[in-house]
Amino acid sequence: MKQMLSTLVIVLLLAGGTAWAQQNPAEKLMTDSHLAYYYAGDGGSAKVKMVLTNKKGKTREREFWMLRRDIKDLGNQNYYTYFTKPGDVAGTAFLVHKHAEGNDDRWLYIPAIDLVKRIAADDRSSSFVGSDFSYEDVSGRLPILDNHEIVGADSVMGRATIEVKSTPKDAKTAEWAYRLSWIDNETKLPLKEEYFNKKGVAIRRFEAGKIETIEGFPTAVERTMYNLKRKQHTTISFGEISYKTPMKADEFNERLLKNPPREYTR
Amino acid sequence: MRNVLIAMMLTLLMSATAWSQPIIGGFVEANQAVRVEQNEALDAVENSDLGEREYPRSEFRAQLTVRDAADAASFFLRVDVVSEGTDNSGTAIDLREAYLKLYLLDWLDIKVGRQVATWGTGDLIFANDLFAKDWEAFFTALDDTYLKPPQDLLRLSFYLGGITAEVATSPHFTPDNLPDGTRLSVYNPFVGVAVDVEMAPAIDEPLRSLRNGEVFARTYGSMGSAEWALYGYKGFWPTPQGATTTGMLYYPRMWSLGASYRRPVGSMLVHAEGAAYISQDDPDGDDPMIANSQLRGFVGTEKSLGNDWTLGGQYYAEYMLDYDKYQAGLRPGGVEFDELRSTVTVRVTKFILNQNLQFSGFAYWGLSDSDWHLRPSISYKLTDEVNWTLGASLVGGDKPYTMFGQFRDNSNVFTRVRYSF
C-alpha cells in the first residue's frame, strides 16, 4: 500500500504537477470543449448570418464577417466584426481585445463620421447586437470560472454525449445559477446547453444545429440560443469558414477598423 | 509633380483590374422640425418665409453610397439629394464623400478626395478635432453624424511599428457651418442681438488659394489598454473670431498643439484631452478685434451600468490667455467673457426591446455662461429597414452671445423616418 502510494505520487509529479492532478475529468472535458469551440486553430474567419425571431415570429437579420486571432490558448484573443447588413449598420466595424482576466477592450468604427468610438466595458452577459447571444456566448466563458461535475451520458442529435453540470464559483459572474452541457464524445463540441436560475427553472437553451469538419476542425456551423423567458431565439449560421488566419494579432487595430479587408466588404 | 501623381493614380487604377461588383447602399428619409417657442428675430421680418419661421427643417433626403475595392485601392461615394419643403430652392445635391484609398505600401495608406474626418476623445465636445463642424445641422433635426461635414483632404497614414502618424492637408479652408439666420436666428455682435438672415453679420471667407489651406496632424499609439495621441493643426479659427472695423466678421489664422489620453479604470472608461490654440494674428492678445490664444481641455468618463444602460459625463474648460489685455481692450458696456469658461455634459442611453428601442439624452450645461442645450431622443427600429426617431433640440441661456445662448428661442422638436437599404 505504502509503495503504491509513493508510486502514485511519483507518477503525479512526473505527469506535470498539481494543475494536472487537481483537474478532475469534468474540468478536463470542459476545458477541451472550450478549446474546441472557442480556440480552434490559431484563429479564423467566417461570414455570419444572424436571425432574431421574437415571440410573435417577427424576424430581424444581421450579416457580418467575423475574424478571430488567438494570442494564447485559454487566454487573450482578438476579434474583429464587419457588418454588411442591415443597411443602416453596413460598414460599421467592431473590434474586441478579449482579456482572459479583466475587462475586454472594445472599439466601434462609425464610417459616416469616421469615428473610432471606444466602448465602456460591459457586463459580459449583456446582449451581443441585440440578439439572444451574450458577449460571453460569442467570445467564451473560461471553464476555470465554474465548478464542473459529470452527471451522466446522453444522446443528442444522434451523437453520444457526456452531460456536465457547471456551477459558477462566484455567483456574481453569471446570470444563471447552474448550467447543463452536453459535450459530444467525438468532437468535444457542446451540442446542447441549458441555463437554470436559482429556482431550477430553465431560462436559456443553446443548440448546435449542424456540425461540419472544416480544414480538420469540427465546427458548429449553425447555433441557436433560445431565451425561454421571452420566448424568442436567435440562430447564427457560419459560412465561408476558414481557419487560415489572415491577420496577425497586432493587426487588430484602428487601421483594420477603418480599412476592412477587401474580401469582407462583399 | 501633380501630373506625375495623376499618372501614378491612373496607372494604378487601370492595373487594378480586379475591381469587384460595387456595393450600393443608402437611405431615404423625411425630416420635420417644428419650433416650440416664439422667435422674435425671425418674426420681425415681414417678408420672411412663414414656413421657415415655423419649421427650422422640413425636407426629404435621399442618400446613395457606392463602394468598391480592388487589390490595392478602394473607392467610396456618398451623395445626398435634398428636397427642402419650406422654400423654393427645389432639389439640391450634396456630394458628401468621394474618395479613393490607396494601399500601396505596408506602412502607408493614402486617402484622397472629399471625406469626413474625426479624431480626439470627446463625446460631442472637441479640442484637437479641428475638422469642420456643421452646427446648423446639429441644432436642426439632422442625425448626429451630420455634425461632421465633408472636407477636401489628402490624408496620409504612416504605420511605424506600434505608432501611427497621420497628416491631412486641405488645399482650402473649410469653416464650421454656423446658423446664418434662415433656419435659426443668429447673434449679430455688431448690434448685440439675435437677427435673421437679412440682418446677419457678413462673414469674409479666406480666398480659395493654397496659401489658405489647412494642415491637420496626429500621432497615436497605445500602452496596454491605454491610448495616447498628440495633435497639431495649422489654419484658421473654425468660427469667425475676428472682426474688421468695417463691420465684417472673418476667420483669423491660428495653430494648435495638443494631446489626449484614454484608458479604462476598473469598469469605467476615462479620457482627457487638452490643446493650446495660438491666435497667430494676435499672439500677444492685444488686438481686441481678434480672439486671444486659448487653452482648451476636458476630462470625461463613460460607464456601462448593465442592462443596456450607459452613462457618461464630461467637464470641459476654455482658458483665455492674456486676459488682462483682453479686458483692457473691451468696450464699456460691451460683451465680456470670463477668463475660465467651463461646461459640463451628461449622456444617458438605454436600449430595450432587443436594442430596437433606444432612449437617449445628451445635455450641455455652461457653468460660466449660464447656457444650456438638451438633446433628448427616442429611436425605434420598426423593421431592419425602417427607423423612426422623435427628438428635440432645446437651447437656452441668460446671454445672447454665448455658445448656446446665441441660439436661444430656437428650440425645436423633430421627427425623422428613415428607410435604409
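A:Leu74 counts as partly exposed, because 16 C-beta neighbours lie inside 10 Å; a residue is called buried if 20 or more other C-beta atoms lie within 10 Å of its own, exposed if 12 or fewer, and partly exposed in between, with C-beta atoms placed from the backbone. A:Leu74 sits in the loop between S2 and S3 of chain A. Although A:Leu74 is not a glycine, its phi is positive, at about 60°.

A word on conventions. This is a predicted model, in which local features need pLDDT of at least 70 and side-chain atom pairs count only at pLDDT 80 or more, while totals for chains, interfaces and linings use all residues. Residues are numbered from 1 along each chain as its sequence is written, and chains are lettered from A and ligands numbered from 1 in the order in which they are written.

I stay with the backbone of chain A for a moment. A:Glu240 also has a positive phi without being a glycine, here of about 45°. A:Glu240 belongs to strand S13, residues 232-242 of chain A, and A:Glu240 is exposed, with 12 other C-beta atoms within 10 Å. Then there is a cis peptide bond between A:Lys85 and A:Pro86, with omega about 0°. A:Pro86 is placed in the loop between strand S3 (77-85) and strand S4 (93-98) of chain A.

Now chain A as a whole. Chain A contains 5 helices and 13 strands; these are DSSP runs, H or I of at least four residues for helices and E of at least two for strands, numbered from the N terminus. Its C-alpha trace spans about 75 × 45 × 35 Å along the principal axes. Of the 266 residues of chain A, 36% count as buried.

Which residues of helix H3 in chain A are buried? They are A:Ala26, A:Leu29, A:Met30 and A:Ser33. Seen down the axis of H3(A), these buried residues fall within an arc of 95°, so they line one face of the helix; the arc is that of the directions from the helix axis to the C-beta atoms. As a general point, an α-helix has 3.6 residues a turn, so residues three or four places apart point the same way. The buried residues of H3(A) pack against strands S7 (146-156), S8 (159-168), S9 (178-184) and S10 (190-196) of chain A.

I turn to chain B, which has 5 helices and 24 strands. Its C-alpha atoms fill a box of roughly 65 × 50 × 50 Å along the principal axes. Of the 421 residues of chain B, 35% count as buried. Among contacts in chain B between residues at least 6 apart in sequence, 57% join residues at least 24 apart; two residues are in contact if their C-beta atoms, placed from the backbone, lie within 7 Å.

What touches the most other members of the largest nonpolar core? In this core of 25 residues, the answer is B:Ala117, B:Phe131, B:Phe216, B:Phe236, B:Trp237 and B:Tyr251. A nonpolar core is a set of buried Ala, Val, Leu, Ile, Met, Phe, Trp, Tyr and Cys residues joined through C-beta atoms within 7 Å. Strand S12 (226-236) and strand S16 (268-279) of chain B each supply at least two residues of this core, and the largest share, 4 residues, comes from S12(B). A second, separate core of 24 residues includes B:Ala33, B:Leu42, B:Leu147 and B:Leu184.

Leaving aside neighbours within four places in sequence, B:Ala117 is in contact with A:Asp114, B:Phe131, B:Gln151, B:Leu153, B:Arg155 and B:Ala168.

Finally, the contact between the chains takes 26 residues from chain A and 34 residues from chain B. On the side of chain A that touches chain B, strand S2 (59-70) and strand S6 (115-119) of chain A each supply at least two residues. The residues of that side divide into 8 nonpolar, 7 polar and 11 charged; here Ala, Val, Leu, Ile, Met, Phe, Trp, Tyr, Cys and Pro count as nonpolar, Asp, Glu, Lys and Arg as charged, and the others, Gly among them, as polar.
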